[in-house]
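Good morning, and thank you for coming.

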Amino acid sequence: MKDSGETKSTDLYQRARAVLPGGVSRNTVLFDGPPIYVDHGKGCRVTDVDGVERIDFANNMASHIHGHAFPPIIAAVTEQLQRGTAFTMATEAEVRFAEHLCGRSANFDKIRFVNSGTEAVMAGMKAARAFTGRAKIAKTEGSYHGAYDYAEVSQAPGPQNWGEIAEPRAVPLAEGTPPGLVDDMVILPFNDAEKAIAVLDKHKDEIACVLLDPIPHRIGMVPVTPAYVTALRDWTTANNALLMFDEVITVRSEVGGMQARFDIRPDLTSLGKMIGGGFPVGALAGSDEVMGVFEQDSQGLRLPLSGTFSANPVTMTAGYVAMSLFDEESVRRLNKLGGYARTNLAEVIKSADVPACVTGTGSLFRLHLKADAPGNYREAYMSAGEKLAMNRLILALYSDGIMMIHTASAALSTAMGNTEIDRLSDAMHGALLSIKGILNDPV
Ligand SMILES: Cc1ncc(COP(=O)(O)O)c(C=O)c1O
């Protein structure tokens, strides 16, 4: 984040650069220069080390469903801290939390806890491979599923390498990704059932699972269509492959996750972020049959999976409190608030008279500096000019006391109400006007 003079944040960044590569532990916090360092958060507000307070619409990348320092979580975790944080033993806390999560969806017969969404997706891919005996995983172009090598393929391709839309190329993210690994990924066009099925048909008998985020943020935060979901479910069933939903973010959409809105049953679901109540978490839920790969049975143990901090009682306690208090009424209220935000922002865009639009559903939304809502990753892809304008927009919002995910995306928390949405709308109006010149004259 650019800053005119010396601040505590710029001082800290100087120190950080000497000991952390790029000055950070996660690239997410880097934005247009030094990051801003936080002092504390309370509810939906965060105060930085220089004393500036902002309304937090990012919520640690959609992971705090009740905002910061939520008193019921503080109380429960404080009690657990006195009793120990992690053991080489099982705990009642994990059983209680598993019972709660499995009770939220008829699709979750069993659940396995891990420490991050990345791990949950990784466990899901490995489970699908162990269950089917096949190697290939299909995913939609541009979707983000964490930092596992396979999941990263075609996470961020560009016009120079993404190939034909009818059959997107599998593009590695990191230098040095083994080519064999890339060959095991099949990339599907998003929300185009006919094209996606045509790609899948070329890999019949090879696909272990199709992985799908039902509201993929990087594809534009446009919900997946029922027709697309049904086509993928039908194809996977007919071809003995599995269907896995990645609901690391979208589990907030309904009590049983976004999948509750479709008339299908995925075999596996990866969960993370908000289910940890503010602590590191991931989980893989699924049918009894598929989750059986983690069990010792007559076939042996098909997929051993351990993690030193998996299901630690601090996370299990915080997660249980967070999710128990995110009940049907809370979900409904927050989704309604999301609708209020989308309507208000659409009005703001109209009144500012700029080429922009809003996508999203439930408590998630994203503002695009494009006149029309993108339908897939290629349409959501930002040109250099759009990126520049987006950076300016985020900086203008920061200066006006608003913090969003750097794509102008938001994940609401129960600590928010109409007042915070009205503040966002006001700030957005000013921010859009401030970049109007660049929008009308793109580089
Ligand atoms: C859909 C999705 N899957 C997986 C992940 C990875 O989760 P984590 O950052 O906890 O590893 C993310 C993180 O943003 C995500 O959005």
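Predicted model: local features only at pLDDT ≥ 70, side-chain atom pairs only at ≥ 80, totals over all residues.

I start with strand β5, residues 136–140, which is joined to β6 by four bridges, the two strands running parallel. Strands here are DSSP runs of E with at least two residues, helices are DSSP runs of H or I with at least four, and both are numbered from the N terminus. Two strands are taken as paired if DSSP finds at least two bridges between them. Within this pair, Ile-137 stands opposite Met-185 in β6.

Residues are numbered from 1 along each chain as its sequence is written, and side-chain values use heavy atoms, with hydrogens and water left out.

Let me place that pair in its sheet. Seven strands form an open sheet of mixed pairing, in the order β4-β10-β9-β8-β7-β5-β6. β4 (110–114) and β6 (185–188) are at the edges with a single partner strand each, so one side of each has no neighbour in the sheet. From one strand to the next, the twist averages 20 degrees. Helix α9, residues 226–238, packs on this sheet and touches β5, β6, β7 (207–212) and β8 (242–246); contact means heavy atoms within 4.5 Å. The direction of α9 makes about 165 degrees with that of β7, where axes are lines fitted to C-alpha atoms, for helices over the stretch in contact, and angles run from 0 to 180 degrees between N-to-C directions.

I turn now to the ligand. Which residues are around the ligand? They are Ser-116, Gly-117, Thr-118, Tyr-144, His-145, Gly-146, Asp-213, Asp-246, Val-248, Ile-249 and Lys-273, each with a heavy atom within 4 Å of it.

A polar side-chain atom of Thr-118 is 2.6 Å from a ligand oxygen atom, and a backbone N or O atom of Gly-117 is 2.9 Å from an oxygen atom of the ligand. Asp-246 places a polar side-chain atom 2.7 Å from a ligand nitrogen atom. Of the 390 Å² of accessible area that the ligand has on its own, the protein covers 82%, by the Shrake-Rupley method with a 1.4 Å probe.

Strands β1 (residues 38–42) and β2 (residues 45–48) pair in the antiparallel sense over four bridges, with Gly-41 partnered by Val-46.

Definitions and conventions. Polar contact = N/O pair within 3.5 Å; in protein donor to acceptor, adjacent residues only side chain to side chain.
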